Amino acid sequence: MIVERFDRRAMAAMEEALEKACERWPNGGTHRLRKRVAQSIIRCAETGNISLDALTEAGERALAQLPQSSKRVAKLKGADIRPNWQSAA
């Protein structure tokens with residue numbers, strides 16, 4: 001179980017990163033989307049990097065790697081799929 005692998009501080013940072021990464025999606029995103037983001041965040045935390053910035057970036061990278069078909073179907077708040085760390089040109 002995941003709560004046994006990480007301390008309370010790491011778990012709190014991981015939960016916050018998940019919320020930050022998914023906040024632009026209506027209702028925080030679908031279960032499938034949130035699972036994909038969470039898996040990316042967990043992989044990052046398993047490397048020992050549990051800073052909120054690193055975990056959030058890992059979650060946003062998972063969103064950026066969505067197939068184009070998923071991006072077209074998704075209805076984002078603001079209609080911008082780019083993660084916060086990628087500035088618009």
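Helix axes are taken here as lines fitted to C-alpha atoms over the stretch in contact, with angles running from 0 to 180 degrees between N-to-C directions; helices themselves are DSSP runs (H or I, at least four residues), numbered from the N terminus. The model is predicted, so local features need pLDDT of at least 70 and side-chain atom pairs count only at pLDDT 80 or more, while totals for chains, interfaces and linings use all residues. Residues are numbered from 1 along each chain as its sequence is written, and side-chain values use heavy atoms, with hydrogens and water left out.

Helix 2 (residues 8–22) packs on helix 3 (residues 31–46) at an angle of about 135°, the two axes lying 10 Å apart. The pair is therefore oblique, a class left over once angles under 35 degrees (roughly parallel), over 145 (roughly antiparallel) and 65 to 115 (roughly perpendicular) are set aside. Helix 2 passes helix 3 in a right-handed crossing, meaning that the near helix is turned clockwise from the far one by less than a right angle. On the helix 2 side, the contact (heavy atoms within 4.5 Å) is made by M14, A17, L18, E19, A21 and C22, and on the helix 3 side by L33, R34, V37, A38, I41, I42 and A45. This contact comprises 11 nonpolar, two charged and no polar residues.

Turning to helix 4 (residues 52–64), its axis comes within 8 Å of that of helix 2, and the two cross at roughly 40°. Helix 2 is thus oblique to helix 4. Here, A13, M14, E16, A17, K20 and A21 of helix 2 meet L52, L55, T56, G59, E60 and L63 of helix 4.

Notes
Ala, Val, Leu, Ile, Met, Phe, Trp, Tyr, Cys and Pro count as nonpolar, Asp, Glu, Lys and Arg as charged, and the others, Gly among them, as polar.
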